[in-house]
Amino acid sequence: MNNDGLTHAGQTEGAVFRRVAWRLMPFLFICLVFNWLDRVAVSFAHLQFGADLHISDTVFGLSVGLFSAGYLLCEIPSNLVMERWGARRTLARIMIFWGLVTIGMAFVQGAYSLYVARTLLGMAEAGFFPGVILYLTYWFPSAYRARITSRFIMAIAVCGIVGGPSATWIMTHMAGVWGWHGWQWLFLLGGLPPVIAGFVAFGWLADRPADARWLGRDEKNIILQAMVREPPSVVRPVRASLASAFSNRTLWLLSLSYCLTITCTGNVVNFWVPSLLRAAGVQNLQQLGLLSALPHGVGIVAMLLACQHSDQQQERRWHFALGGALAMAGMLALPWMVHGTMSTVFFLTIMVAGYLIATAIFWSIPASLLPAQDRAIGFALINCCGQVSSMLVPVLIGFLKTRLGGFEVALSIVSLFVGLGVVVLLAMTARPARLPASPSHSIVDSHS
């Protein structure tokens, strides 16, 4: 590359990575929306099937936890399979299977069939999110990766915006069609898109830049040259080492921080927001869906601003702490304000914004701290440990809410976990996790 940023055939590195981003990111973004819609769907469906199937909050919390148990069981094997079989086949297999199981959720008859369906769904979805995070490291060097990852994670917030209104619309307007309940239609219509996306993935994705037929030789060389500046595993595969990963103290501390801060908050955001709004007096389903979208809309703006500032400053640690602190503050205040609609929405917004900021910033940190041979297992293990809290926290919240008749004690305890996770990450990193300065040609700035 010469001084003006030109490379082979007069192309710029930024132009090549923009093309890669436009090819991969919209599709992966949509797939994550489908993935997260499942979590939104079950939280809203619970408002109906809880009464139809006589399912208590404790049973619902356990079913959410069993999803995480299935996810936990298959998470690391899924990422190891992706290293061997490639992302194209692995991600396609995951999406097709989770779509079919989601459709099967429409036919649950009670607590035990719900337990089985949620466990199978967790097993089917295992490996998708960490698999995509790992996949992005094959295509983008570290200078681009944080912004690309944050744009992928933005799908969570978009799902929060469209998920509630669309779920409540389906549950309201499809109820009674062909004799089915609204929640049954919600699972049926939610399961079809990932099945279709899974088949599309076979033809749309390429495992690595060298396999991409839509890239020219010069473009592949440009990507290769950019990756040469990265650790060797990004240029050529490095055999994952279970022994190395499981003995890596940094990986375990990252996992603990993720488990406490990200997943604990995510459980409240993804599964209990409708119940919190209903406890605040919102009874109309469509109004409830619209109000649940507002915090995510504000959260997107907050996340993008925080990620942009983090990239400009090349600082991750305190930006993560800011997000975690906001999530903790909002969650801690929520149960004591749950009897007022506006105050509930206000503190929900603070919690959701903090959650999105912390999540986006967090996933820009592990690749800079983990050695090459630990990344495939490491990304999976971090997400895997997060599923431990996903398995336990819903059960804890459901149990305490059922026994005590409110969210006060449950959310107060969980908020303390969130704060502890922030302390763990701050304590383990003596210096901020910094990435190399971004090139002058930015893929994200050009298409965001």
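This is a friendly conversation about how some terms apply to the predicted model above.

Biologist: What should I keep in mind about this predicted model?

Modeller: Local features need pLDDT of at least 70 and side-chain atom pairs count only at pLDDT 80 or more, while totals for chains, interfaces and linings use all residues. Residues are numbered from 1 along each chain as its sequence is written, and side-chain values use heavy atoms, with hydrogens and water left out.

Biologist: How many helices and strands does the chain have?

Modeller: The chain has 19 helices and zero strands. Both are DSSP runs numbered from the N terminus: helices are H or I with at least four residues, strands are E with at least two.

Biologist: Why is Asn35 called buried?

Modeller: Buried means under 20% relative accessible area, exposed means over 50%, and partly exposed lies in between (1.4 Å probe, protein chains only). Asn35 has 2% relative accessibility, so Asn35 counts as buried. This residue is found in helix H1, residues 13-52. In the whole chain of 448 residues, 60% count as buried.

Biologist: What makes the pair Asn35 and Glu125 a polar contact?

Modeller: A polar contact is a pair of N or O atoms within 3.5 Å; within protein, one must be able to donate a hydrogen and the other to accept it, and residues adjacent in sequence count only if both atoms are side-chain atoms. The side chains of Asn35 and Glu125 make such a contact at 3.1 Å. Leaving aside residues up to four places away in sequence, Asn35 touches Trp98, Glu125 and Phe128, where contact means heavy atoms within 4.5 Å.

Biologist: Why is Trp178 called exposed?

Modeller: Its relative accessibility is 72%, so Trp178 counts as exposed. Trp178 is found in the loop between helix H6 (142-173) and helix H7 (182-204). Its phi is near 60°, a positive value in a residue other than glycine. Most residues other than glycine have a negative phi.

Biologist: And Val195, is that buried or exposed?

Modeller: Val195 has 14% relative accessibility, so Val195 counts as buried. Val195 is found in helix H7. Val195 and Gly99 are 96 residues apart in sequence, yet 5.1 Å apart in space, C-alpha to C-alpha.

Biologist: How do you know that H1 and H7 are roughly antiparallel?

Modeller: Axes are lines fitted to C-alpha atoms, for helices over the stretch in contact, and angles run from 0 to 180 degrees between N-to-C directions. Under 35 degrees counts as roughly parallel, over 145 as roughly antiparallel, 65 to 115 as roughly perpendicular, and the rest as oblique. H1 and H7 pack at about 160°, with axes 9 Å apart, so they are roughly antiparallel to each other. The contact involves residues including Phe27 and Phe34 of H1 and Leu186 and Val200 of H7.

Biologist: What makes H2 roughly parallel to H5?

Modeller: The axes of helix H2 (residues 57-85) and helix H5 (residues 128-139) come within 9 Å and cross at roughly 25°. That makes H2 roughly parallel to H5. Among the residues in contact are Tyr71 and Met82 of H2 and Leu134 and Tyr138 of H5.

Biologist: Which hand does the crossing of H2 and H5 have?

Modeller: The crossing of H2 and H5 is right-handed, whereas the crossing of H1 and H7 is left-handed. A crossing is left-handed if the near helix is turned anticlockwise from the far one by less than a right angle, and right-handed if clockwise.
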